2 protein chains.
Amino acid sequence: MEKITSIKNDKIKELRKLYQKKYRKSKSQFILEGLRLIRGAYKSGANLELIFLTEEYYEKHKTESFIINNEDKFVYVSANLIEEVADTNNPQEIIAVVNEPQTSIDEVLDKEYILVIDRIQDPGNMGTIFRTAAAAGFQSILITKGSVDVFNLKVLRSSVGAIYSLPFVKDIELEELTESFKESPLSIYAADLNTDNYYNEISYQKPLALVIGNEAGGIRPEILELADHKLKIPLKSNIESLNAGVAAGVIMFKIAEN
Amino acid sequence: MEKITSIKNDKIKELRKLYQKKYRKSKSQFILEGLRLIRGAYKSGANLELIFLTEEYYEKHKTESFIINNEDKFVYVSANLIEEVADTNNPQEIIAVVNEPQTSIDEVLDKEYILVIDRIQDPGNMGTIFRTAAAAGFQSILITKGSVDVFNLKVLRSSVGAIYSLPFVKDIELEELTESFKESPLSIYAADLNTDNYYNEISYQKPLALVIGNEAGGIRPEILELADHKLKIPLKSNIESLNAGVAAGVIMFKIAEN
């Protein structure tokens, strides 16, 4: 069995490049570390390209169906090497290269409950919003350019696998989004602090798109002006805003009651 | 003007000890770093004990009312020293020692909307839950022993000042909580995955206590068995659970609609 031990090996060089956002984008691939995330992705139908692991790791897990069914993708490496490459502090001796799911904007727009994310910056918020959207029954997600990379490891961890649960398109340009909105039959609902309409006093008409904006700046005006309804959550105790993930959750589950 | 430059100075030694949870607890004090957090605490009525800052920092901000009104608490230190002591990567040249708010369990229980937190572990979740509870109109919080320290800097940052917005008691022993529940007129609502009752199909009777449990293990059975109502959030797309902060937010804002 061939085992890679050198950081100069071509496969390792390629793997290390994928830790940079720019390179992930050009290759349409991303990285998962650790069995829990990789197995979750596999079970949800993710398209695994390569799996780097140590022989010791293989021996310990070889009776698992996930391991049995993916042997053709294995690349054996030394423990030192995997530790050097991995992002996690306690590397779990297994790293996968995954091909991005390919979804068209038309496919995403052809749903009844669509979430639109405009420039969310925090990886934890992005992952949490994915997880919550899937749980609330939203069926697809559009993400504008300027948002944190969905395939950032922190996002993947906080999404707890939810990014495989529903189709999404990322890096949407502002103009592409506004043109799509103009042409679509969607009712557009926009979360916005500058309105007097409360989220729980609106009747929601599907097919709908709910737009959630940047943590500090909210939704861009070009998108806001296309909204059929602006809405906000009433806040007490002089609290000025909610965490973006919580705000999105409160509104999405209100919509789910419909 | 006296300026401390040595890490062996007694005031600096005391300050450094407060970065340990054990010491914070025995002194009933905690630390805030950076103008935004300290000013927010001051405006919300926090009891500031000492403020460590550099002369340069003072010169830059001396026209601010917060600075003018707290000069009696100032301790001038060198920039190197504040950088060595501070937890933040980009120290903001100002650190405050704050006295813990003193609240009795009876005061916390004498409200109509009470949140009970049973062993929440993640600092981000704890801070977010505080912020959301205040925003949703909850009036007090009980926190059981085994939860993350509320005065942990990460909690304080994600609470965005909300810990000064409502009275709370922490480190409640399990037995103290269950005895309080038995003696109180509160209706107890417990978020629990093992129930068929949905949170949006229950009528909420005040005075009430909503109990939120540990991220992985939920609410302890001794508390659960005192609940008048167990409730859960319906989840789609095979999502097994929500982030604890999101789940708490969805339920608290549902209760706030009452």
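**Figure 1. The two domains of chain A, and how far apart their centres sit.** In this predicted model, the centres of domain 1 and domain 2 of chain A, taken over C-alpha atoms, are separated by 31 Å. Domain 1 of chain A covers 10–99, and domain 2 of chain A covers 105–256, going by the domain assignment. Where the two meet, domain 1 of chain A puts in 13 residues and domain 2 of chain A puts in seven residues.

**Figure 2. A look at the domain 1 side of that contact.** Three elements of chain A give two or more residues each to the side of domain 1 that touches domain 2: α2 (21–27), β1 (29–33) and α3 (35–43). Which of them has the largest share? That's β1(A), with four residues. Sorted by class, this side of domain 1 of chain A comes out as six nonpolar, three polar and four charged residues.

**Figure 3. Chain A as a whole, for orientation.** Of the 258 residues of chain A, 43% count as buried. Take the contacts in chain A between residues at least 6 apart in sequence, and 79% of them join residues at least 24 apart.

**Figure 4. Where chain A touches chain B.** Each chain brings 26 residues to this contact. On the chain A side, α8 (123–136) and α12 (244–256) each supply at least two residues, and the largest share, seven residues, belongs to α8(A). The chain A residues here split into 12 nonpolar, 11 polar and three charged.

**Figure 5. Helix α12 of chain A meets helix α12 of chain B.** The axes of α12(A) and α12(B) are 8 Å apart, and the two helices pack at an angle of about 50 degrees. That angle is why α12(A) counts as oblique to α12(B). The crossing of this pair is right-handed. From α12(A), the contact uses A:Gly245, A:Val246, A:Gly249, A:Val250 and A:Phe253; from α12(B), it uses B:Gly245, B:Val246, B:Gly249, B:Val250 and B:Phe253. How do those residues divide by class? The contact of α12(A) with α12(B) has six nonpolar, four polar and no charged residues.

**Figure 6. Helices α8 and α12 within chain B.** Here α8 (residues 123–135) of chain B packs on α12(B) at an angle of about 15 degrees, with axes 9 Å apart. Angles under 35 degrees count as roughly parallel, so α8(B) and α12(B) are roughly parallel to each other. Their crossing is right-handed. The α8(B) residues in the contact are B:Asn125, B:Thr128, B:Ile129, B:Thr132 and B:Ala133, and they meet B:Ala244, B:Gly245, B:Ala248, B:Gly249 and B:Met252 of α12(B). By class, the contact of α8(B) with α12(B) holds five nonpolar, five polar and no charged residues.

Figure 7. Is B:Gln205 buried or exposed? B:Gln205 is exposed, because 12 other C-beta atoms lie within 10 Å and the cut-off for exposed is 12 or fewer.

Definitions and conventions:
Residues numbered from 1 in each chain as written. Chains lettered and ligands numbered in written order. Predicted model: local features only at pLDDT ≥ 70, side-chain atom pairs only at ≥ 80, totals over all residues. Domains from an automatic or database assignment. Nonpolar A, V, L, I, M, F, W, Y, C, P; charged D, E, K, R; others polar. Buried ≥ 20, exposed ≤ 12 C-beta atoms within 10 Å, placed from the backbone. Axes fitted to C-alpha atoms, helices over the stretch in contact; angles between N-to-C directions. Parallel < 35°, antiparallel > 145°, perpendicular 65-115°, else oblique. Left-handed = near helix turned anticlockwise from the far one by under 90°.
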